[in-house]
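Subject: Structure handover and notes

Hello,

Please find the structure below, followed by notes on what was found in it.

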Amino acid sequence: MIEEKSVSVTIGGEEIIFSTQKVAKQADGAFWVRYGDSVVLVTACMDKNEKEDIDFVPFSVDYREYTFAGGKIPGGFFKREGKPTDNEILVARLIDRPLRPIFPEKFKKETQVIAMVLSTDFENSPDIMAMNGASFALYCSPIPFEKAVGAVRVGLKNGEFLVNPSQKIFDELDLNIVVAGTKEAILMVESGSKEISEATIIEALQIAHQNIKKIVEAQESLFSQMGIVKEVANNSPFDEALYNEIFKRIVAPLKSAMETKGKKAMYSAIDSVIEGEINLIDKEDLEKRKIVKEICEDILIKTFRKMVLEEGKRPDGRLFDEIRHIWCQVGVLPRTHGSAIFSRGETMALANCTIGTPQDVQKLSGLMEGQEKHFILHYNFPPFSVGEVKPIRGPGRREIGHGALAERALSAVVPDEKEFPYTIRVVSDILESNGSSSQATICGGSLALMDAGIPIKSPVAGIAMGLIMENEKYAILTDIAGLEDHFGDMDFKVAGTKEGITALQMDIKIDGVSSEIMKEALEHARKARLFLLDEMAKTLDKPRAELSPLAPRIYTLTIPKDKIGELIGPGGKNVRAIQDETGVEISIEDDGTVLVACADSDAAEKAMTIIKGQMEVPEVGKEYHGTVKRIEPYGAFVEILPGTDGLLHVSELDWKRVENVSDYLQVGDKVDVQVLEFEKNGKVRLSRKNLIPKPEGYVEKPERKPSRSSDRTSHSQRRPHGGSRERH
């Protein structure tokens, strides 16, 4: 049997163990990662053959959370895991982003990482385990993945930094930041925070990088013990003579094309230059045409980067810190609860806000089953936004990732569900795209929330920063557009309020950036964010005073915990009857809080009156304005509370003798009565005469008790403690 090799690293006060050569031995790389009682198996496999006609690294990541890992059985008819959940897709992206830049530039052998969560203690987060396991599996294998990558999470709680904090306290953290990098520099950052300062972010990054170095050193140590021979990637250079020949012909036309105004016109001009060069080659010589295309694209990138770094120019003529033209409008759709359009240059987002009831809450599946989301943001990227023709399918990884970033940015200012017991959904449709559509979603979403009247803490704006870097020379670009995103070295998205950062996402395509460059980029982003917030405030600077008149209203009342079952009724029968009668939606919390939701305030008041009546217990001596429900020779049965009747005996109708009850009351009459007493069997005795003046000279006579026969034939009445009715 092959000897197991393992290495351990202590992070956050607990040991992570990485073991290999015991399971999944037919994969190129496989690691069994254990952190506490959480276990993740991560494998890496590379195809033997190169993929032709691709212009990207053919690398894919799949991350799956098995429900058995948490001792659960999947819901639904099939009782097995189905398509990836949003969380699984987001973690797969988290794994992919820092690893992809490490592969050789011209690497074309399809490579796949699969991470499977096999056990979870709900303390140690499996996403961090999977990220590190993926680097171990790639680095300690023949795959040409030349640099080890490490990943940690840093939390901030009560002013204290925590490394790889427990999942159980994620909701309590003021900062939750995931950082990945090499020994030399940081490659990726993903964070959500509660208006945290730039200085605090920098401090968290430094703490993260110190721990990343430990994980990288463990990988390097294990690799040296395993004696693995890495495959050499095919990175053959272009033919120098052909490259120089093409460069002389197209560098000037490409530069001119990049300066064309308008995204579509610019890309069209660039394509025209490249196609012209390709068409100089015989159509039958497909291999050379392919090489010429690759050379032209390489020259395009170099020309763009030289323009920025040496000439200090951006393709659209803006200054490095200049933001494109901003245009905003709110209330653009008449029947939605809140709506806004946010446009920055040629990027435009239409954001809509819908206010729902607690019953609209999103219930999470998978390992997170049982948790609920009261704030949801969905991002859509229709093909017309970039002038393309494509079928519209379900959301892809890009849509889910961009939506999660925007949701994280805005969730920091959305009121807590205990203070604002509504479910809130924001939908952003990108109408035009030329860079930073996720940040346009954040700006538009903030305006839509305020337009709906949701009392958010502060408006939020987002900006995308870029970096072009060659050796020691670099340029930081504010509000990057298409080419700057595609050909730049960094995509750094920062969102927040005037007080601080609420979300941050950074991806670096080079070997990393220094903390000094990070500080400078964050400061540029802060200034841009403040500018955007001022521009947005010209359209709407705070939430509207009232919720949209089209939105439901939620009214609350509290009932005793021991009355919850009574209000719900057998199988929910009672609460459904109230909803059917009034048209409201009723939600009942475990602490006895009852939420009544309806756009019609009269219907809500009616439902609340019924609930209060059903929960109220009659009190001796208290007066009630009741309704006569039945007439008998010995008296009348009067409903004093919904579902609670009492007997108004003939002797308690009037001070004088009453021969015929119907001479005084008819079914449906309203009558004021007072509760006299509760009999041993729980029945309620009422009096009318106690509430009317006693006749002058009235002589008190011995009280005549109701006969046993009348008791036996009395109408069903509710016990004062709320028990079920009895029939006699």
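pLDDT is the predictor's confidence in each residue, on a scale from 0 to 100. For this chain it averages 89, and 95% of the residues score at least 70. The model is predicted, so local features need pLDDT of at least 70 and side-chain atom pairs count only at pLDDT 80 or more, while totals for chains, interfaces and linings use all residues. Residues are numbered from 1 along each chain as its sequence is written, and side-chain values use heavy atoms, with hydrogens and water left out.

One stretch needs care. Over residues 707-728 pLDDT stays under 50. The model has 51 contacts beyond four places in sequence for these residues, a contact being heavy atoms within 4.5 Å. Where pLDDT is low, the predicted coordinates should not be read in detail.

Cores

A nonpolar core here is a set of buried Ala, Val, Leu, Ile, Met, Phe, Trp, Tyr and Cys residues joined through side-chain atoms within 4.5 Å. Buried means under 20% relative accessible area, exposed means over 50%, and partly exposed is in between (1.4 Å probe, protein chains only). The largest nonpolar core has 137 residues, and Ile95, Leu449, Ile454 and Phe492 have the most contacts inside it. Helix H3 (residues 198-226) gives the largest share of this core, 13 residues. Helices (H or I, at least four residues) and strands (E, at least two) are DSSP runs numbered from the N terminus. In soluble globular proteins, nonpolar side chains tend to be buried together.

Leaving out residues up to four places away in sequence, Phe492 touches Ile463, Ala464, Met465, Leu504, Gln505, Met506, Met518, Ala521 and Leu522.

Helix H4

Where does helix H4 bend? H4 (residues 240-258) bends by about 45 degrees at isoleucine 250, and proline 253 follows within four residues. The bend is the angle between axes fitted to the seven residues ending at a residue and the seven starting there. Leu242, Tyr243, Ile246, Ile250, Leu254, Ala257 and Met258 are buried in H4. The helix's buried residues pack against helix H5 (263-278), helix H6 (286-309) and helix H9 (482-487). At the start of H4, the backbone nitrogen of alanine 241 has a side-chain oxygen of aspartate 239 within 3.3 Å.

- Glutamate 190 is in strand E10 (residues 186-196) and is buried at 11% relative accessibility. Its side chain makes a polar contact of 3.0 Å with the side chain of glutamine 505. Among the residues that glutamate 190 touches are Leu94, Arg97, Arg408 and Leu504.
- Histidine 337 sits in the loop between strand E11 (326-330) and strand E12 (338-344), buried with a relative accessible area of 13%. A polar atom of the histidine 337 side chain lies 2.9 Å from the backbone nitrogen of isoleucine 355, and the side chain reaches the backbone oxygen of leucine 550 at 3.3 Å. Histidine 337 also touches other residues, including Cys353, Asp451 and Pro552.
- Threonine 497 is in the loop between strand E20 (490-496) and strand E21 (501-508), with a relative accessible area of 0%. The threonine 497 side chain reaches the backbone nitrogen of glutamate 499 at 3.0 Å. Glu195, Ser458, Thr502 and Arg529 are among the residues that threonine 497 touches.

Cysteines

How many disulfides does the structure hold? The structure holds 0 disulfides, a disulfide being a pair of cysteine sulfur atoms within 2.5 Å. Cysteine 443 is in no disulfide, and the nearest cysteine sulfur, that of cysteine 328, is 7.6 Å away. Cysteine 443 is buried at 0% relative accessibility. For cysteine 45, the closest cysteine sulfur is that of cysteine 140, at 15 Å, which is too far for a bond. Cysteine 45 is partly exposed, with a relative accessible area of 35%.

Regards

Notes: Polar contact = N/O pair within 3.5 Å; in protein donor to acceptor, adjacent residues only side chain to side chain.
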